[in-house]
Amino acid sequence: MSKKSNQRGNPGLNPVRKELETIIGMGYRSHRVFEDWVGLMFHAFQRDDPPYLEIMGGYRNTAPKGQREADHFATATACLLEYMRATNEEVLGPLYEEYAANHYTGQYFTPSAVARLMARITHIAPPETGRFKVLDPACGAGACLIAAAKEQTFEQNGRAVFVGQDIDLTCVRMSVLNLMFFNLDGIVLWGNHLALEVRGAWETRRSLVWGGSIRSVDKEEARAWLESHFTGPETPPAPKKTSAVRVKTDTKTGIKIEQLSLF
């Protein structure tokens with residue numbers, strides 16, 4: 001999908017594009033800018049300062065306040081959350097295809113309309129009680145997981161555990177962010193699902209009071225859970241107790257999003 005066609009399809013994302021392209025215009029490669037932006041959001045919502053500062057340290061930030069790379073990254077995040085609040089749509093995937101996807105290795109994401117159709121076709125009534133899983137072993141930015149969530153009722157969302165896995169770390173981070181933005185319980189694993197490989201894992205937790213949160217999960221515990229997930233425990237491994245930044249939202253009503261200042 002070309003950048004031009006994406007702009008026609010999502011003109012509301014032009015404010016996000018403007019901020020990212022301003023940074024690119026300062027002499028940085030587009031794929032690096034996008035991947036670093038995702039990384040900054042990912043670490044900021046976990047209050048994980050060292051990797052956040054490591055990413056930001058790769059930018060000069062010598063312009064006047066309001067014109068620094070950090071300022072444009074922050075404004076891009078605010079514009080992203082505003083667009084999602086207004087549309088209740090997953091848009092990190094389409095933006096990734098514009099700025100960072102490697103089409104030469106076959107990296108194409110499922111369009112949102114196709115994801116919704118697939119979710120509608122494959123949707124079956126979940127158990128009336130207890131927890132159940134929704135799995136996407138090559139989750140990309142999590143579009144299919146979000147589409148599946150939108151086919152469920154509010155009550156079913158509260159009992160579902162959305163499980164994603166991808167071999168690309170940036171894709172994993174986008175899926176984690178999207179599960180948090182849509183306030184869903186889930187676990188996203190970094191690694192090759194066919195080989196039951198886990199290089200890292202992150203959990204999102206749903207909260208009707210505070211909104212979604214992100215926490216890292218011990219990768220050995222996550223691997224053990226993955227290997228037995230067809231017959232094993234109904235919930236992901238419990239995370240270590242750490243502070244987390246939260247965003248309040250819901251799959252059915254985007255108006256519940258509360259924006260945060262990340263930078």
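In this predicted model, the axes of helix α3 and helix α5 (residues 69–87) come within 11 Å of each other and cross at roughly 75°. The two helices are therefore roughly perpendicular, since angles of 65 to 115 degrees fall in that class. On the α3 side the contact is made by V33, D36, W37, L40 and M41, which meet F73, A76, T77 and L80 of α5. By class, these residues are seven nonpolar, one polar and one charged.

Helix α3 (residues 30–44) also packs against helix α6 (residues 92–99), at an angle of about 150° and with the axes 8 Å apart. That angle makes α3 roughly antiparallel to α6. Here S30, H31, F34, W37 and M41 of α3 meet L92, L95, Y96 and Y99 of α6. The contact of α3 with α6 has seven nonpolar residues, two polar and no charged.

| Pair | Axis angle | Axis distance |
|---|---|---|
| α3 and α5 | roughly 75° | within 11 Å |
| α3 and α6 | about 150° | 8 Å |

The model also contains an open sheet of five strands, with mixed pairing and the order β1-β2-β3-β4-β5. Its edge strands, β1 (132–136) and β5 (213–217), each pair on one side only. From one strand to the next, the twist averages 20°.

Within the sheet, strand β3 (residues 186–190) and strand β4 (residues 200–205) are antiparallel and pair over five bridges. V188 stands opposite W202 in β4. Helix α10 (residues 169–181) lies across β2 (160–166), β3, β4 and β5, and runs at about 175° to β3.

Terms used. Residues are numbered from 1 along each chain as its sequence is written. This is a predicted model: local features need pLDDT of at least 70, side-chain atom pairs count only at pLDDT 80 or more; totals for chains, interfaces and linings use all residues. Side-chain values use heavy atoms; hydrogens and water are left out. Axes are lines fitted to C-alpha atoms, for helices over the stretch in contact, and angles run from 0 to 180 degrees between N-to-C directions. Helices (H or I, at least four residues) and strands (E, at least two) are DSSP runs, numbered from the N terminus. Angles under 35 degrees count as roughly parallel, over 145 as roughly antiparallel, 65 to 115 as roughly perpendicular and the rest as oblique. Contact means heavy atoms within 4.5 Å. Ala, Val, Leu, Ile, Met, Phe, Trp, Tyr, Cys and Pro count as nonpolar, Asp, Glu, Lys and Arg as charged, and the others, Gly among them, as polar. Two strands pair if DSSP finds at least two bridges between them.
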